[in-house]
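The following exercises are to be worked through with the sequence and the structure at hand. Each task is followed by a stepwise solution.

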Amino acid sequence: MEFFDLVKNRRSVRKYKDQHVNKEDILKILDAANWAPSAMNWQPWEFIVVSGELIKSMGDSFKAVVEKIMHESEETAFDEKFVDFAARYGGAPVVIVVLTRASEKPNVRKANLESTSAAMENLVLAATNLGLGTCWMTGPLHDENNLRRILGISPDKEIVAVTPLGYPDEVPEPRPRLDAELKQKVRWLGY
Ligand SMILES: Cc1cc2nc3c(=O)[nH]c(=O)nc-3n(C[C@H](O)[C@H](O)[C@H](O)COP(=O)(O)O)c2cc1C
């Protein structure tokens, strides 16, 4: 797909077909992620590719947390559909957990998070290019302790994001841009 179309066609997919994703395609997507720029060329990202029963364990655990948040707050963004998505990662056959190297130093931590976010963006765009859906998620971090336990993530790693991966069953409408004409978001100096 042409690059600018690709950027605009990517959507956060929350419902997936029960259709196998080739390991070759997953590797292509992760290779694109691995080509992201990184501070000091540290390439601090790592990926855990999850399928099968473990997705169910992650979903059950995340669902319990989402339900707790729902009951304790007036959070209106969480409806039944949201809980269903949390519980099954939208029925995706694959979930990818994106990690970075943890650091106590705020500037190193920031650099690692930014570098790994660049890898994450490459990942979601590469998936889109192969006709696959993703949904960049930080919500599962509400359940970080359980997620770490289920996946055996050591304390020297920080979880950056989680995404389901699969063939979209429902593709949402594009979300309108807050400043489509870039009148407020851009300040041109010296032009
Ligand atoms: C850092 C980050 C965290 C996000 N976390 C979640 C999440 O936990 N759950 C979710 O359903 N979507 C999540 N999203 C997806 C956004 O809701 C989505 O990108 C936004 O609504 C725009 O829709 P689009 O991605 O289809 O353009 C997240 C996106 C980003 C970049």
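**Exercise 1: a surface residue**

Tyrosine 191 is located in the segment after β6 (168-170), strands being DSSP runs of E with at least two residues, numbered from the N terminus. The model is predicted: local features need pLDDT of at least 70, side-chain atom pairs count only at pLDDT 80 or more, and totals for chains, interfaces and linings use all residues. Residues are numbered from 1 along each chain as its sequence is written, and side-chain values use heavy atoms, with hydrogens and water left out.

Task: Determine whether tyrosine 191 is buried or exposed.

Solution: Buried means under 20% relative accessible area, exposed over 50%, and partly exposed in between (1.4 Å probe, protein chains only). The relative accessible area of tyrosine 191 is 83%, so this residue is exposed.

**Exercise 2: strand β5**

Task: State how many residues of strand β5 are buried, and identify the bridge partner of valine 98 in this strand.

Solution: First, 10 of the 10 residues of β5 (residues 157-166) are buried, so the strand is largely enclosed by the rest of the structure. Next, β3 (residues 94-101) pairs with β5 in the antiparallel sense over eight bridges; pairing requires that DSSP find at least two bridges between the strands. Within β5, alanine 161 is the bridge partner of valine 98. Finally, β4 (residues 133-134) and β5 are also paired in the antiparallel sense, over two bridges, and glycine 133 stands opposite glycine 166 of β5.

Methods. Helix = DSSP H or I, 4+ residues; strand = E, 2+ residues; numbered from the N terminus.
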